[in-house]
Amino acid sequence: MKAIALTSFGIPEVLEELEVPVPTLTDTQVLVEMRASSINPADILMRSGAILQSPIADKFPAQLPIVLGFDVAGIVKEVGEKVRHFKSGDRVMGLVPMGSYMDYVAVEEDHLAVIPESLSFEEAGAAPAVALTAWQALFEHGRLQPRQRILVHAGAGGVGHAAVQLAKQHGAYVIATARDYNHDFVKGLGADEVFDYTKVDFAAQITDPIDIVVDSAMDPSTIGTGLPGDRGEKNYSVIKDGGSYISVATFAINQYPKVRGIDAHFFHARPNRADFDSIVRHMQKNKLSIHINETYPFTAQGLLQAYRKSEELPKRGKIVISKSMW
(Lines give C-alpha, C1' and ligand atoms only; values in the text may rest on other atoms or scores of the structure.)
Protein backbone atom coordinates (compact mmCIF):
# COMPACT_ATOMS: atom_id res chain seq x y z
CA MET A 1 0.00 0.00 0.00
CA LYS A 2 0.98 3.63 -0.38
CA ALA A 3 2.27 5.83 2.43
CA ILE A 4 3.57 9.37 2.13
CA ALA A 5 6.60 9.86 4.36
CA LEU A 6 8.83 12.70 5.47
CA THR A 7 12.39 11.86 4.44
CA SER A 8 14.18 15.01 5.66
CA PHE A 9 13.47 17.71 8.24
CA GLY A 10 13.31 21.43 7.65
CA ILE A 11 12.57 23.55 4.61
CA PRO A 12 12.81 22.46 1.88
CA GLU A 13 11.66 19.11 3.19
CA VAL A 14 11.22 15.97 1.14
CA LEU A 15 7.99 13.99 1.04
CA GLU A 16 8.01 10.68 -0.82
CA GLU A 17 5.47 8.03 -1.73
CA LEU A 18 6.61 4.69 -0.29
CA GLU A 19 5.30 1.15 -0.54
CA VAL A 20 4.74 -0.28 2.94
CA PRO A 21 2.92 -3.37 4.27
CA VAL A 22 -0.73 -3.18 5.27
CA PRO A 23 -0.81 -3.00 9.11
CA THR A 24 -1.38 -6.22 11.03
CA LEU A 25 -4.21 -5.76 13.50
CA THR A 26 -4.19 -6.54 17.20
CA ASP A 27 -7.37 -7.94 18.77
CA THR A 28 -8.56 -4.44 19.76
CA GLN A 29 -7.80 -2.62 16.50
CA VAL A 30 -9.78 -1.66 13.42
CA LEU A 31 -8.31 -1.47 9.91
CA VAL A 32 -9.55 1.73 8.26
CA GLU A 33 -9.19 2.53 4.58
CA MET A 34 -8.16 6.19 4.83
CA ARG A 35 -10.25 8.57 2.73
CA ALA A 36 -9.26 11.88 4.34
CA SER A 37 -6.86 13.30 6.90
CA SER A 38 -5.56 16.76 7.78
CA ILE A 39 -2.65 18.83 9.06
CA ASN A 40 -2.27 19.68 12.75
CA PRO A 41 0.32 21.89 14.51
CA ALA A 42 2.26 18.87 15.78
CA ASP A 43 2.66 17.71 12.16
CA ILE A 44 4.09 21.11 11.25
CA LEU A 45 6.52 21.09 14.17
CA MET A 46 7.57 17.53 13.30
CA ARG A 47 8.07 18.42 9.65
CA SER A 48 10.38 21.31 10.50
CA GLY A 49 12.25 19.27 13.10
CA ALA A 50 11.58 21.96 15.72
CA ILE A 51 9.81 19.57 18.07
CA LEU A 52 12.91 17.36 18.18
CA GLN A 53 14.80 20.25 19.79
CA SER A 54 12.23 20.64 22.57
CA PRO A 55 12.11 19.02 26.04
CA ILE A 56 9.30 16.72 24.83
CA ALA A 57 11.30 15.33 21.89
CA ASP A 58 11.30 11.84 23.40
CA LYS A 59 7.55 11.59 22.80
CA PHE A 60 8.00 11.71 19.03
CA PRO A 61 9.85 9.51 16.51
CA ALA A 62 13.17 10.89 15.34
CA GLN A 63 14.26 8.32 12.78
CA LEU A 64 13.39 9.06 9.16
CA PRO A 65 11.34 8.27 7.17
CA ILE A 66 8.34 9.36 9.28
CA VAL A 67 4.70 9.11 8.24
CA LEU A 68 2.92 12.14 9.67
CA GLY A 69 -0.78 12.63 10.33
CA PHE A 70 -3.04 12.05 13.34
CA ASP A 71 -6.57 12.39 11.95
CA VAL A 72 -8.26 9.70 9.91
CA ALA A 73 -11.66 9.32 8.27
CA GLY A 74 -12.59 6.39 6.10
CA ILE A 75 -14.21 2.97 5.80
CA VAL A 76 -13.72 -0.04 8.07
CA LYS A 77 -12.18 -2.96 6.17
CA GLU A 78 -11.38 -5.40 8.96
CA VAL A 79 -11.75 -5.65 12.74
CA GLY A 80 -9.80 -7.44 15.47
CA GLU A 81 -11.29 -10.38 17.35
CA LYS A 82 -12.24 -8.33 20.43
CA VAL A 83 -13.75 -5.38 18.53
CA ARG A 84 -17.47 -5.06 19.31
CA HIS A 85 -18.59 -1.61 18.12
CA PHE A 86 -17.51 -1.59 14.47
CA LYS A 87 -17.93 -3.81 11.43
CA SER A 88 -16.68 -3.91 7.86
CA GLY A 89 -18.23 -1.13 5.79
CA ASP A 90 -18.78 1.35 8.64
CA ARG A 91 -17.91 4.98 7.93
CA VAL A 92 -15.68 6.20 10.78
CA MET A 93 -13.41 8.97 12.02
CA GLY A 94 -10.75 8.89 14.71
CA LEU A 95 -7.18 9.46 15.86
CA VAL A 96 -3.92 7.55 15.61
CA PRO A 97 -0.73 8.30 17.62
CA MET A 98 0.95 9.26 14.32
CA GLY A 99 0.95 7.95 10.77
CA SER A 100 -2.41 8.49 9.08
CA TYR A 101 -1.02 9.46 5.66
CA MET A 102 -1.38 5.87 4.44
CA ASP A 103 -3.89 3.87 2.39
CA TYR A 104 -4.80 1.75 5.42
CA VAL A 105 -4.47 2.67 9.08
CA ALA A 106 -4.76 0.49 12.19
CA VAL A 107 -6.77 2.33 14.86
CA GLU A 108 -7.72 1.28 18.39
CA GLU A 109 -11.45 0.60 18.67
CA ASP A 110 -11.89 3.19 21.43
CA HIS A 111 -10.24 5.86 19.25
CA LEU A 112 -12.99 5.77 16.61
CA ALA A 113 -16.60 6.83 16.12
CA VAL A 114 -19.13 5.98 13.42
CA ILE A 115 -20.05 8.95 11.21
CA PRO A 116 -23.36 9.45 9.35
CA GLU A 117 -23.73 9.63 5.57
CA SER A 118 -24.52 13.33 5.97
CA LEU A 119 -20.93 13.99 7.10
CA SER A 120 -18.34 13.98 4.32
CA PHE A 121 -15.02 12.21 4.76
CA GLU A 122 -13.31 15.59 4.35
CA GLU A 123 -15.29 17.15 7.22
CA ALA A 124 -14.68 14.07 9.36
CA GLY A 125 -10.99 13.98 8.46
CA ALA A 126 -10.58 17.58 9.60
CA ALA A 127 -12.30 17.12 12.96
CA PRO A 128 -10.79 14.52 15.32
CA ALA A 129 -7.74 16.21 16.87
CA VAL A 130 -9.06 19.77 17.03
CA ALA A 131 -12.62 18.94 18.04
CA LEU A 132 -11.54 16.45 20.70
CA THR A 133 -8.97 18.90 22.10
CA ALA A 134 -11.52 21.72 22.27
CA TRP A 135 -14.15 19.42 23.79
CA GLN A 136 -11.90 18.14 26.57
CA ALA A 137 -10.38 21.56 27.25
CA LEU A 138 -13.82 23.04 27.85
CA PHE A 139 -15.79 20.27 29.49
CA GLU A 140 -13.28 17.90 31.10
CA HIS A 141 -10.49 20.23 32.21
CA GLY A 142 -12.26 23.61 32.26
CA ARG A 143 -15.63 22.29 33.54
CA LEU A 144 -17.31 25.08 31.60
CA GLN A 145 -20.67 26.29 32.92
CA PRO A 146 -23.31 28.45 31.19
CA ARG A 147 -22.80 32.22 31.57
CA GLN A 148 -19.11 31.86 32.39
CA ARG A 149 -16.65 34.14 30.63
CA ILE A 150 -14.10 32.36 28.46
CA LEU A 151 -11.09 33.62 26.50
CA VAL A 152 -10.08 31.52 23.47
CA HIS A 153 -6.74 32.30 21.88
CA ALA A 154 -6.21 31.72 18.15
CA GLY A 155 -9.97 31.77 17.66
CA ALA A 156 -9.68 31.21 13.89
CA GLY A 157 -7.32 28.24 14.23
CA GLY A 158 -8.18 24.56 14.35
CA VAL A 159 -8.71 24.11 18.10
CA GLY A 160 -9.74 27.73 18.62
CA HIS A 161 -12.56 27.86 16.11
CA ALA A 162 -14.00 24.60 17.50
CA ALA A 163 -13.74 25.91 21.07
CA VAL A 164 -15.51 29.17 20.20
CA GLN A 165 -18.48 27.26 18.77
CA LEU A 166 -18.72 24.72 21.58
CA ALA A 167 -18.42 27.34 24.31
CA LYS A 168 -21.10 29.54 22.74
CA GLN A 169 -23.42 26.56 22.28
CA HIS A 170 -22.96 25.86 26.00
CA GLY A 171 -24.09 29.37 26.95
CA ALA A 172 -20.73 31.01 27.69
CA TYR A 173 -19.72 34.61 26.99
CA VAL A 174 -16.88 34.12 24.50
CA ILE A 175 -13.94 36.44 23.93
CA ALA A 176 -11.39 35.42 21.29
CA THR A 177 -8.11 36.62 19.87
CA ALA A 178 -7.48 36.57 16.12
CA ARG A 179 -5.87 38.73 13.47
CA ASP A 180 -8.13 41.49 12.19
CA TYR A 181 -8.87 39.79 8.84
CA ASN A 182 -10.36 36.85 10.78
CA HIS A 183 -12.62 38.93 13.04
CA ASP A 184 -15.80 38.50 10.97
CA PHE A 185 -15.11 34.78 10.67
CA VAL A 186 -14.65 34.34 14.44
CA LYS A 187 -17.69 36.47 15.27
CA GLY A 188 -19.67 34.34 12.84
CA LEU A 189 -18.72 31.32 14.95
CA GLY A 190 -20.32 32.95 17.98
CA ALA A 191 -17.61 35.06 19.64
CA ASP A 192 -18.98 38.07 21.53
CA GLU A 193 -15.70 40.02 21.36
CA VAL A 194 -12.57 39.57 19.23
CA PHE A 195 -9.19 41.31 19.67
CA ASP A 196 -6.22 41.34 17.31
CA TYR A 197 -3.41 40.21 19.60
CA THR A 198 -0.81 41.57 17.13
CA LYS A 199 -2.16 45.13 17.39
CA VAL A 200 -3.64 45.57 20.86
CA ASP A 201 -2.91 44.36 24.35
CA PHE A 202 -5.80 41.94 24.83
CA ALA A 203 -5.34 42.01 28.61
CA ALA A 204 -5.88 45.77 28.65
CA GLN A 205 -9.09 45.38 26.63
CA ILE A 206 -10.69 42.83 28.97
CA THR A 207 -12.37 44.66 31.84
CA ASP A 208 -14.13 41.82 33.70
CA PRO A 209 -12.35 38.73 34.99
CA ILE A 210 -12.23 35.58 32.87
CA ASP A 211 -13.31 32.19 34.23
CA ILE A 212 -11.43 30.04 31.73
CA VAL A 213 -8.64 30.65 29.22
CA VAL A 214 -8.20 28.09 26.43
CA ASP A 215 -4.84 28.68 24.76
CA SER A 216 -3.70 26.74 21.69
CA ALA A 217 -1.38 29.48 20.38
CA MET A 218 2.29 28.90 21.11
CA ASP A 219 4.38 31.82 22.37
CA PRO A 220 7.69 31.95 20.42
CA SER A 221 9.66 31.02 23.55
CA THR A 222 7.41 28.10 24.48
CA ILE A 223 8.81 25.47 22.11
CA GLY A 224 12.12 25.62 23.97
CA THR A 225 10.93 26.06 27.54
CA GLY A 226 7.30 24.95 27.77
CA LEU A 227 6.65 27.97 30.01
CA PRO A 228 3.84 30.53 29.47
CA GLY A 229 5.92 33.40 28.04
CA ASP A 230 4.65 36.97 27.70
CA ARG A 231 1.17 36.01 26.50
CA GLY A 232 0.87 33.52 29.32
CA GLU A 233 1.62 36.21 31.89
CA LYS A 234 -1.17 38.31 30.38
CA ASN A 235 -3.50 35.32 30.56
CA TYR A 236 -2.87 35.10 34.29
CA SER A 237 -3.66 38.80 34.66
CA VAL A 238 -7.18 38.43 33.25
CA ILE A 239 -8.19 35.15 34.93
CA LYS A 240 -10.18 35.46 38.13
CA ASP A 241 -8.90 33.94 41.38
CA GLY A 242 -9.55 30.21 41.27
CA GLY A 243 -10.16 30.23 37.51
CA SER A 244 -8.73 27.87 34.91
CA TYR A 245 -5.87 28.26 32.42
CA ILE A 246 -6.06 25.37 29.94
CA SER A 247 -3.24 25.07 27.42
CA VAL A 248 -2.32 22.62 24.69
CA ALA A 249 0.93 24.48 23.92
CA THR A 250 2.72 25.37 27.18
CA PHE A 251 3.74 21.86 28.22
CA ALA A 252 5.60 22.92 31.41
CA ILE A 253 2.76 25.01 32.82
CA ASN A 254 1.73 22.23 35.23
CA GLN A 255 5.01 22.82 37.09
CA TYR A 256 4.64 26.62 37.02
CA PRO A 257 4.15 28.17 40.49
CA LYS A 258 0.44 28.39 41.31
CA VAL A 259 -0.94 31.92 41.02
CA ARG A 260 -4.04 33.08 42.95
CA GLY A 261 -5.45 29.57 43.05
CA ILE A 262 -5.64 29.38 39.25
CA ASP A 263 -5.74 25.82 37.92
CA ALA A 264 -3.08 25.94 35.18
CA HIS A 265 -3.22 22.77 33.16
CA PHE A 266 -1.50 21.42 30.03
CA PHE A 267 -2.95 18.35 28.37
CA HIS A 268 -2.96 16.17 25.29
CA ALA A 269 -6.37 15.10 24.01
CA ARG A 270 -7.34 11.63 25.22
CA PRO A 271 -9.04 9.69 22.41
CA ASN A 272 -12.19 7.88 23.49
CA ARG A 273 -15.33 6.79 21.68
CA ALA A 274 -17.76 8.55 24.06
CA ASP A 275 -16.30 12.01 23.38
CA PHE A 276 -16.04 11.31 19.66
CA ASP A 277 -19.69 10.24 19.59
CA SER A 278 -20.68 13.52 21.29
CA ILE A 279 -18.67 15.49 18.74
CA VAL A 280 -20.28 13.63 15.83
CA ARG A 281 -23.74 14.41 17.25
CA HIS A 282 -22.85 18.11 17.52
CA MET A 283 -21.63 18.11 13.93
CA GLN A 284 -24.71 16.24 12.73
CA LYS A 285 -26.99 18.80 14.44
CA ASN A 286 -24.97 21.73 12.99
CA LYS A 287 -23.84 22.75 16.48
CA LEU A 288 -20.21 22.34 15.43
CA SER A 289 -18.75 22.93 11.98
CA ILE A 290 -15.08 22.32 11.20
CA HIS A 291 -14.03 24.91 8.66
CA ILE A 292 -11.98 23.52 5.77
CA ASN A 293 -9.63 26.18 4.48
CA GLU A 294 -8.21 24.14 1.58
CA THR A 295 -8.25 20.53 0.37
CA TYR A 296 -5.29 18.82 -1.34
CA PRO A 297 -4.89 15.41 -3.00
CA PHE A 298 -3.30 12.42 -1.28
CA THR A 299 -0.03 12.53 -3.24
CA ALA A 300 3.48 13.57 -2.26
CA GLN A 301 3.14 16.78 -4.27
CA GLY A 302 -0.35 17.44 -2.87
CA LEU A 303 0.89 17.00 0.68
CA LEU A 304 3.85 19.28 0.04
CA GLN A 305 1.49 21.96 -1.28
CA ALA A 306 -0.72 21.48 1.76
CA TYR A 307 2.18 22.07 4.13
CA ARG A 308 3.26 25.11 2.14
CA LYS A 309 -0.28 26.45 2.53
CA SER A 310 -0.13 25.84 6.28
CA GLU A 311 2.72 28.38 6.46
CA GLU A 312 0.74 31.16 4.78
CA LEU A 313 -1.58 33.83 6.13
CA PRO A 314 -4.45 34.09 6.64
CA LYS A 315 -4.83 30.88 8.63
CA ARG A 316 -8.34 29.67 9.24
CA GLY A 317 -9.72 26.28 10.28
CA LYS A 318 -8.10 23.17 8.82
CA ILE A 319 -6.19 22.02 5.74
CA VAL A 320 -7.42 18.62 4.54
CA ILE A 321 -5.78 15.78 2.61
CA SER A 322 -8.36 13.84 0.56
CA LYS A 323 -8.36 10.76 -1.64
CA SER A 324 -11.35 12.13 -3.53
CA MET A 325 -8.93 14.49 -5.31
CA TRP A 326 -6.38 11.78 -6.07
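Two strands pair if DSSP finds at least two bridges between them. Helices (H or I, at least four residues) and strands (E, at least two) are DSSP runs, numbered from the N terminus.

I am working with a predicted model, in which local features need pLDDT of at least 70 and side-chain atom pairs count only at pLDDT 80 or more, while totals for chains, interfaces and linings use all residues. Residues are numbered from 1 along each chain as its sequence is written, and side-chain values use heavy atoms, with hydrogens and water left out.

**The open sheet.** I looked up the strand order first. It reads E10-E9-E8-E11-E12-E13, an open sheet of 6 strands with parallel pairing. Which strands stand at the edges? They are E10 (193–195) and E13 (263–266). Each has a single partner strand, so one side of each lacks a neighbour in the sheet. On average, neighbouring strands here are turned by 15° against each other, direction ignored.

E11 (residues 210–215) and E12 (residues 239–247) run parallel and share 5 bridges. Val213 sits opposite Tyr245 of E12. Helix H8 (residues 229–238) lies across E8, E11, E12 and E13. H8 runs at about 145° to E12. Axes are lines fitted to C-alpha atoms, for helices over the stretch in contact, and angles run from 0 to 180 degrees between N-to-C directions.

**Helix H4.** I took H4 (residues 158–169) next. Its 12 residues reach 17 Å from first C-alpha to last, close to the 16 Å expected at 1.5 Å a residue. The expected span is 1.5 Å times one less than the number of residues. Is H4 largely enclosed or left open? 10 of its 12 residues are buried, so the rest of the structure largely encloses H4. Buried means under 20% relative accessible area, exposed over 50%, partly exposed in between (1.4 Å probe, protein chains only). Among the buried residues I noted His161 and Gln165. The buried residues of H4 pack against H3, E8 (149–152), E9 (173–177), H5 (183–189), H9 and E15 (318–322). Just after H4, Gly171 has a positive phi of about 90°.

**H3 against H9.** The axes of H3 (residues 128–141) and H9 (residues 273–284) come within 10 Å and cross at roughly 105°. That makes H3 roughly perpendicular to H9 (the class covers 65 to 115 degrees; under 35 is roughly parallel, over 145 roughly antiparallel, the rest oblique). From H3, the contact (heavy atoms within 4.5 Å) uses Pro128, Ala131, Leu132, Trp135, Gln136 and Glu140. From H9 it uses Asp275, Phe276, Ser278, Ile279 and His282. I sorted these residues into 6 nonpolar, 3 polar and 2 charged.

**Strand E5.** All 5 of the 5 residues of E5 (residues 91–95) are buried, so E5 is largely enclosed by the rest of the structure. Arg91, Met93 and Leu95 point one way, and Val92 and Gly94 the other. E4 (residues 71–79) runs antiparallel to E5, joined by 5 bridges. Gly74 has Val92 as its bridge partner. E5 also pairs with E7 (residues 112–114), antiparallel over 3 bridges. There, Met93 stands opposite Ala113.

**Glu123.** Glu123 counts as partly exposed, at 29% relative accessibility. Beyond its neighbours within four places in sequence, Glu123 contacts Ser118, Met283 and Ile292.

Key. Nonpolar A, V, L, I, M, F, W, Y, C, P; charged D, E, K, R; others polar.
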